[in-house]
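This briefing is written for a reader who is meeting the structure for the first time. Please keep the sequence and the 3D view at hand while reading.

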Amino acid sequence: MKAEKSPIQSVMSWIRRQPPKVKAFLCVVSAMTVLVFLRVIVHEHDNLFIASEAVHALGISVLIYKLTKEKTCAGISLKTQELTALFLAVRLYCSFVMEFDLHTLLDSATLVTTLWVIYMIRFKLRPTYMEDKDNFAIYYVVIPCAVVAFLIHPSTRHHIINRLFWAFCVYLEAVSVLPQLRVMQNTKIVEPFTAHYVFALGIARFLSCAHWILQVLDSRGRLLTALGYGLWPLMVLLSEIIQTFILADFCYYYVQSLMGGQLVLRLPSGVV
C-alpha cells in the first residue's frame with residue numbers, strides 16, 4: 001500500500017512538476033510575501049542586517065564543525081572563501097574610514113573565522129580539498145567587479161578611493177558564492193554540512209536584501225538619495241537582489257531534500 005503524502009510533500013511535488021517560468025513566478029511571490037511579513041513583525045529593520053550576519057556566522061560555524069570533527073574539506077570551495085575574505089576585508093576598510101558601527105564588529109568576527117577556514121583548507125586539510133572540482137576562475141568575477149566599480153560608484157563626499165572600494169565590495173559580495181555553486185555543479189552530490197552552510201548563505205543574503213528593500217520603502221526613497229545619485233543606488237539594490245536569487249534554486253532543492261528526509265542532497269542536471 002502506497003504511503004500518503006503530507007500536504008507539504010504534495011505541494012513540493014506539484015512545484016517540482018512546474019515549468020521554470022512558473023517556478024520563478026512562485027519564487028518572486030513567496031519572496032514578496034515574506035517581505036510583507038517581515039515588515040509587519042520587524043519594526044527596527046537594522047535587526048534584519050544583524051540577523052543576516054548571525055545566520056552567516058551560523059553557516060561558518062557549520063563549516064568549522066565539519067573541518068574540525070570530520071577532518072575533511074571535501075565539497076567546500078576555497079575560492080568562495082577567498083572571495084568572501086576579500087570583500088569582507090575591503091568592507092572593513094571602508095567601515096573604519098567612513099562609518100564605524102556595530103556592522104564593523106560583526107564583519108570583523110566573520111572575517112577572522114573565514115580566514116581560519118581558508119587556513120584549514122590550504123594547510124591542514126589540503127589532501128581532502130577537491131581542487132579539480134573547484135575550477136571557477138576567480139578573475140571572471142574580480143576583474144568585472146573592479147571595472148563596474150570604476151564606472152558606477154557612490155557620489156558621496158568621501159575620497160574617490162574609498163568610494164571605489166565601497167562599490168567593489170558590494171559587487172563582489174553579490175557573486176562571491178559562484179565558485180561554491182560550481183563545485184556543487186561538478187559533484188552533483190552535496191553532503192549535509194556543506195548543504196547547511198550554503199543554505200545559511202542563502203538565508204543570510206535574503207535577510208540582507210530584505211533589510212535594504214524595507215529601508216528604502218520606509219524612507220520613501222530617501223535612502224537611495226542618501227547613497228548618491230546616478231546608477232549607484234539602483235546598483236546597490238540590484239546587487240542585493242542578484243545575490244539572493246543566485247542561491248534561490250539551491251535553497252529550493254535543499255528544502256525539498258530536507259522534507260523528503262534525505263541527508264545527502266542530490267542536485268539534478270542544470271541546477272546551480
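Valine 190 is found in strand S1, residues 189–190, in a model that is predicted, where local features need pLDDT of at least 70, side-chain atom pairs count only at pLDDT 80 or more, and totals for chains, interfaces and linings use all residues. Residues are numbered from 1 along each chain as its sequence is written, and side-chain values use heavy atoms, with hydrogens and water left out. Strands (E, at least two residues) and helices (H or I, at least four) are DSSP runs, numbered from the N terminus.

**Valine 190**

- With a relative accessible area of 2%, valine 190 is buried; buried means under 20% relative accessible area, exposed over 50%, and partly exposed in between, with a 1.4 Å probe and protein chains only.
- Valine 190 and glycine 75 are 115 residues apart in sequence, and their C-alpha atoms are 6.9 Å apart in space.

**The chain as a whole**

- The chain has twelve helices and two strands.
- Read from the N terminus on, its elements follow the order α-α-α-α-α-α-α-α-β-α-α-α-α-β.
- Of the 272 residues of the chain, 44% count as buried.
- Contact means heavy atoms within 4.5 Å. Among contacts between residues at least 6 apart in sequence, 77% join residues at least 24 apart.

- Lysine 71 lies in the loop between helix H3 (46–69) and H4.
- The phi angle of lysine 71 is near 55 degrees, a positive value in a residue other than glycine.
- Lysine 71 counts as exposed, at 54% relative accessibility.
- At the start of H4, a side-chain oxygen of serine 77 comes within 3.4 Å of the backbone nitrogen of lysine 79. A polar contact is a pair of N or O atoms within 3.5 Å; within protein, one must be able to donate a hydrogen and the other to accept it, and residues adjacent in sequence count only if both atoms are side-chain atoms.
- The expected span of a helix is 1.5 Å times one less than its number of residues. For the 21 residues of helix H4 (residues 78–98) the span should be 30 Å, and the end C-alpha atoms are 30 Å apart, which agrees.
- Threonine 84 is placed in helix H4 and counts as buried at 4% relative accessibility.
- Leaving aside neighbours within four places in sequence, threonine 84 is in contact with His56, Thr114 and Ser176.

**Nonpolar cores**

- A nonpolar core is a set of buried Ala, Val, Leu, Ile, Met, Phe, Trp, Tyr and Cys residues joined through side-chain atoms within 4.5 Å.
- In soluble globular proteins, nonpolar side chains tend to be buried together.
- The largest nonpolar core has 50 residues, of which Leu67, Cys73, Ile121, Tyr171, Leu172, Trp232 and Leu247 touch the most other members.
- A second, separate core of eight residues includes Leu48, Ala200, Leu207 and Leu214.
- Isoleucine 121 is found in helix H5 (residues 102–124) and is buried, with a relative accessible area of 0%.
- Apart from neighbours within four places in sequence, isoleucine 121 is in contact with Cys73, Ile76, Leu78, Gln81, Arg126 and Tyr129.
- Isoleucine 121 and serine 77 are 44 residues apart in sequence and 9.1 Å apart in space, C-alpha to C-alpha.

**Cysteines**

- Cysteine 73 counts as buried at 0% relative accessibility.
- Not counting residues up to four places away in sequence, cysteine 73 touches Lys66, Leu67, Ile121, Leu125, Thr128 and Tyr129.
- Cysteine 251 is also buried, with a relative accessible area of 13%.
- The structure holds zero disulfides, a disulfide being a pair of cysteine sulfur atoms within 2.5 Å.

**Aromatic pairs**

- Rings of Phe, Tyr and Trp (its six-membered ring) pair if their centres lie within 6.5 Å; planes under 30 degrees apart count as stacked, over 60 as edge-to-face and the rest as tilted.
- A search of the whole structure finds nine aromatic pairs.
- The rings of tyrosine 139 and tyrosine 140 have centres 4.9 Å apart and planes at 75 degrees, so this pair is edge-to-face.
- Phe136, Tyr139 and Tyr140 form one aromatic cluster, and tyrosine 140 is exposed, with a relative accessible area of 55%.
- Tyrosine 171 and tryptophan 232 have ring centres 6.0 Å apart and planes at 75 degrees, so this pair is edge-to-face.
- This pair links distant parts of the chain, with tyrosine 171 in helix H7 (residues 160–175) and tryptophan 232 in helix H11 (residues 232–245), 61 residues apart.
- Both tyrosine 171 and tryptophan 232 are buried.
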